[in-house]
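Hi,

Here is the structure I said I'd pass on to you. Have a look around in it first, then read my notes below.

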Amino acid sequence: MKVRAIIETGKNMDYDIYTDNDSLDFMLLGQGNTIEEAKADFLKCKEEMKAAFAAEGNTFDFDTLDFEYVFDTISFLKYSPFTLTGLSKATGINSKQLSHYVTGYRKPSQKTVQRIQEGVAKFAETMRNAVLV
């Protein structure tokens, strides 16, 4: 079962991961200072929930869960290997403005989120088709 796992930057600039699927009767949550720590905590939560369900005689098959990790914009900007200058070139958004998003000083509008996503996708497509000699 495909389940979206949303990666967000928390108020303390740490990471939260939570399930976003109406078909589940429960929520899984992970937290950490890095995305890797948050994922490990998230998967630990899954195992703990699996054990709790089994103890109650619930037959839900946790092994069928297939997590699709998706980033909120701030988490993507923080996690991305792009420098702000490089991301600015790819998206056309001023690097100072991008910096405000990374630090949590400002939140990007939906239009800006779309510009970032389109710029990154276009760059990724260019790199995917690049031939190095």
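**What I found**

Helices (H or I, at least four residues) and strands (E, at least two) are DSSP runs, numbered from the N terminus.

Bear in mind that this is a predicted model: local features need pLDDT of at least 70, side-chain atom pairs count only at pLDDT 80 or more, and totals for chains, interfaces and linings use all residues. Residues are numbered from 1 along each chain as its sequence is written, and side-chain values use heavy atoms, with hydrogens and water left out.

**More on α5**

Which residues of α5 are buried? They are Thr-112, Val-113, Ile-116, Gly-119 and Val-120. Looking down the axis of α5, you find them within an arc of 130 degrees, so they line one face of the helix. (The arc is that of the directions from the helix axis to the C-beta atoms.) Among what covers these residues are α2, α3 and α4. As for length, α5 has 19 residues and reaches 27 Å from its first C-alpha to its last, close to the 27 Å expected at 1.5 Å a residue. That expected span is 1.5 Å times one less than the number of residues.

**α4**

Helix α4 covers residues 95–102, and its buried residues are Leu-98, Tyr-101 and Val-102. Around the axis they take up an arc of only 100 degrees, which puts them on the same side of α4. Their cover includes α2, α3 and α5.

**α1**

Now go to α1, which runs over residues 35–55.

**The nonpolar cores**

A nonpolar core is a set of buried Ala, Val, Leu, Ile, Met, Phe, Trp, Tyr and Cys residues joined through side-chain atoms within 4.5 Å. The largest one here has 16 residues, and Ile-17, Phe-26, Leu-28, Phe-42, Leu-65 and Phe-67 touch the most other members. β1, β2 and α1 are the elements that give two or more residues to this core. Its largest share, five residues, comes from α1. There is also a second, separate core of eight residues, including Leu-77, Leu-87, Ile-93 and Val-102.

Contact means heavy atoms within 4.5 Å.

- Phe-67: leaving out residues up to four places away in sequence, Phe-67 touches Val-3, Ala-5, Thr-19, Leu-28, Phe-42, Leu-43 and Lys-46.
- Ile-17: this one sits in strand β2 and counts as buried, at 0% relative accessibility. Beyond its neighbours within four places in sequence, its contacts include Ala-5, Leu-28, Ile-35, Phe-42 and Tyr-69. Ile-17 and Gln-31 are 14 residues apart along the chain, and their C-alpha atoms are separated by 6.4 Å.
- Gly-32: look for it in strand β3. Gly-32 is buried, with a relative accessible area of 9%. Setting aside neighbours within four places in sequence, Gly-32 is in contact with Asp-14, Tyr-15, Glu-37 and Ala-38. From Gly-32 to Ala-52 is 20 residues in sequence and 23 Å in space, C-alpha to C-alpha.
- Met-13: you'll find it in the loop between β1 and β2. Met-13 has a positive phi of about 65 degrees although it is not a glycine. Is Met-13 buried or partly exposed? With a relative accessible area of 26%, Met-13 is partly exposed.

Cheers!

Conventions. Buried < 20%, exposed > 50% of the residue type's maximum accessible area, 1.4 Å probe, protein only.
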